Amino acid sequence: MSELLSTALSVDARITELLAQLSIEEKIGQLQQVQGGGGQVSADLAQAIREGRVGSVINEVHVDTVNALQHIAVHESRHGIPLLIGRDVIHGFATVFPIPLGQASSWNPDAVARGARVAATEAAACGVNWTFAPMIDIGRDPRWGRVAEGFGEDPYLTGVLAAAAVRGYQGADLTAPDAIAACAKHFVGYGASESGRDYNTTNIAPRELRDVHLPPFHAAVQAGVASVMTSFSDIDGVPASANRPLLTGVLRDEWGFDGLVVSDWDSIRQLAIHGLTADDRGSAHEAAIAGVDMEMASTTYADHLADLVRDGLVPVERLDAMVANVLRMKLRLGLFERTSTDPSTFPVAGNVEHLQAAREVAQESIVLLRNTMHDGEYLLPLAAGALRRIAVIGPLADDPYEQLGTWIFDGDAQHSRTVLGALREALPDSVQVDVAQGVPNTRSQDTSGFDDAVRAASHADVAVLVLGEESILSGEAHCRADVSLPGAQEALVEAIVATGTPVVLVVMAGRALALERVAHRVHALLYAWHPGSMGGAAIVDLLFGAASPSARLPVTLPRATGQIPIYYAHKNTGKPATPESVVSMHDIHPRAPQLSVGNTSFHLDVDPSPLYPFGFGLTYTYVEYEAPSLRLADVPLDGTVEVSATLTNRGARAADEVVQLYVRDLVGSATRPVKELKGFQRVHLAAGERRTVRFSLPIAQLAFHGRDLQRTVEPGRFQAWIAPHAGTTTSVEFSVHS
């Protein structure tokens, strides 16, 4: 190992010293990430590392193999530069937490950070030092399979949770053995893929890009994220991996980001497939000039960058800056001082403490959407002592793998606790548990199992249906044109409801499903997403009141697929729909003149409101919100508006209430959304407790990009809501003056 890398030198000095010793080929080697895996060190990979032609290995999680690779890099190459070992550690490693969309339902940054911390610890024990998470694309189209991987539709909530995930992965000290570098992805706008099809074009207006899609990435950068990944998609005709105004202009120049920018898998080579470049040489040139430091998987840099530098098309200063960003992350991780991993110094993966953390985060991630009265009381929580017989129905009730969700390469299904297994553990032997799948899997149209399911439900005191989507139906390249319950599951719900037995529907899914045809037919509805290793246990905890539901939707649930995209922070339009203006196509006479009352923005064949609004979720009590009030109704541009509301828990149970602050700018130089989330608080309320909740919102946080695309705060009139969800109507008005 080079003595130039004395820890007495500053990071920048160490980079400068090392750059001076590297050849062009060795510099380019630092920019190359290659595929590992298989638990073996191939002769070709070993030789490439010795020759300085590899800077990072992806998808190798066998610790002995990782240590062998690092030994070659540190002790057998000319300059002894360690490797970045990358892995998609998205929502857990061996211990799987709820999918990120589920974690977002907790509205709890501490829960998100806790999940990332456990994942980092387990991954680091295998030699992984870099994860490609969090994914912080705004997801407003649930047809897109990767909504499962993000934090929902709102830029504020996503930004808060993005920062929490960065803190969890990276810890308080990035050089610590159990810290791994986070990567904010996909920069930027990937979630706006047309028709919800992965890798598709994104047509994003400049103002929407600035006000909706960029803020979560800014929050991640401010939280100290070590790396950023480019998107596959093009943005207004320029693919992200060649988009210099974004990668250099915004990320580097405006925000001051000095970390590593990595391409997504093969995305530099794909610039030619997009039609932006003629060949791989052109693609390497475009990406290097735009600001992509490291190339994932493909080899356009390795094949062409040296010639591009020698031909003067890529300045050597640009090459040095790219290499410096790679070296800086390695130095910040402390890899030069920690060249091997001893797994015995880490907690055992999937230990009791980690599983308990997964259980508690899952409890906070499962949304209670419906809970109706039965025999004079709410159906949930169930009283175990009053049950004689329970029916457990559905293909996901006892499938330990499917409840883990997408992106679980290292997840251990042996740790997975299913609903059926947890029920059998929780219930006394006196309660009979009858089991029926109903359908073989979530996609199946086979109804031959209906009779067994109906029979089980008919004799039960309550039927628990666990339906939704198998994990393979969401995630990368797993998009759906129809987001209703797949297969024969809707018919199964109808058949079970027809028995007259109270029905609890538990939905496991990787997206917001359109459930209008079943949601109001069941007595209770829990939306569990894909809840991870301890999902079944967490669901049973909620069913029987061992834990209290507190989750809230991070996305809007549509009534029908045709409403998509549907999200709360929409524009008002010049003709907004109102309850009075909406007419059904069945109410229009074929020869009648056009109805002026219906000339507003809505579909004739579906109610314009969502099935469940953003931020919605029930508890096992009722919390009453009084109208919000202001300390001052007129605030200067450089001031702070203070909004408060009094809440009262009217029920007999304690609750964790997620109190949400929304604001609307009533008049702007560019049109503004009808509501924007500006803050939230998780508040514990004892039974009967009355409490005033206060928000202090700096007026600077009302800024947006005006008609000239400059960020501005404008004087004028605003509305504010303190509310349990985005559909609330009671507001207070304040003014901002210059």
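Guide: A residue counts as buried under 20% relative accessible area, as exposed over 50%, and as partly exposed in between (1.4 Å probe, protein chains only). At 34%, leucine 709 is therefore partly exposed. Before we go on, this is a predicted model, in which local features need pLDDT of at least 70 and side-chain atom pairs count only at pLDDT 80 or more, while totals for chains, interfaces and linings use all residues. Residues are numbered from 1 along each chain as its sequence is written, and side-chain values use heavy atoms, with hydrogens and water left out.

Visitor: Where does leucine 709 lie?

Guide: Leucine 709 is in the loop between β26 (704–705) and β27 (711–712). Helices (H or I, at least four residues) and strands (E, at least two) are DSSP runs, numbered from the N terminus. Look at the backbone of leucine 709 too: phi is near 65 degrees, a positive value in a residue other than glycine.

Visitor: What is the phi of alanine 297?

Guide: Alanine 297 has a positive phi of about 80 degrees, although it is not a glycine. Alanine 297 sits in the loop between β10 and α13 and, with a relative accessible area of 28%, is partly exposed. Beyond the helix α13 comes glycine 312, whose phi is also positive, near 80 degrees.

Visitor: Which residues of helix α13 are buried?

Guide: In α13 (residues 300–310) they are Thr300, Tyr301, Leu305, Ala306, Leu308 and Val309. These buried residues pack against α2 (24–30), α12 (280–290), β10 (295–296) and α14 (316–332).

Visitor: How should I read the way α12 and α13 cross, and at what angle do they do so?

Guide: Axes are lines fitted to C-alpha atoms, for helices over the stretch in contact, and angles run from 0 to 180 degrees between N-to-C directions. Angles under 35 degrees count as roughly parallel, over 145 as roughly antiparallel, 65 to 115 as roughly perpendicular and the rest as oblique. Here the axes of α12 and α13 come within 9 Å and cross at roughly 80 degrees, which makes α12 roughly perpendicular to α13.

Visitor: Which residues of α12 and α13 meet?

Guide: Contact means heavy atoms within 4.5 Å. From α12 come Asp280, Arg281, Ala284, His285, Ala287 and Ala288, and they meet Thr300, Tyr301, His304, Leu305, Asp307 and Leu308 of α13. For classes, Ala, Val, Leu, Ile, Met, Phe, Trp, Tyr, Cys and Pro count as nonpolar, Asp, Glu, Lys and Arg as charged, and the others, Gly among them, as polar.

Visitor: At what angle do α3 and α4 pack?

Guide: Helix α3 (residues 43–50) and helix α4 (residues 63–76) pack at about 30 degrees, with axes 8 Å apart, and are therefore roughly parallel to each other. Leu45, Ala46, Ile49 and Arg50 of α3 make the contact with Leu69, Ile72, Ala73 and Glu76 of α4. By class, that contact has six nonpolar, no polar and two charged residues.

Visitor: Is aspartate 434 buried or exposed?

Guide: Aspartate 434, in strand β15 (residues 432–436), counts as buried because its relative accessibility is 12%. A polar contact is a pair of N or O atoms within 3.5 Å; within protein, one must be able to donate a hydrogen and the other to accept it, and residues adjacent in sequence count only if both atoms are side-chain atoms. The side chain of aspartate 434 makes one with the side chain of glutamine 432 (2.8 Å). Not counting residues up to four places away in sequence, aspartate 434 touches Arg389, Ile390, Ala391, Val392 and Ala456.

Visitor: With which side chain does the side chain of histidine 213 make a polar contact?

Guide: Its partner is the side chain of glutamate 208, at 3.4 Å. Histidine 213 belongs to helix α8 (residues 206–213) and, at 5% relative accessibility, is buried. Leaving aside neighbours within four places in sequence, histidine 213 is in contact with residues including Ile138, Val188 and Ile204.

Visitor: What is the peptide bond from phenylalanine 187 to valine 188 like?

Guide: That bond is cis, with omega near 0 degrees, and valine 188 is found in the loop between β5 (183–187) and α8. A cis peptide bond also joins isoleucine 564 and proline 565, with omega about 0 degrees. Proline 565 lies in the loop between α20 (535–543) and β19 (623–625).
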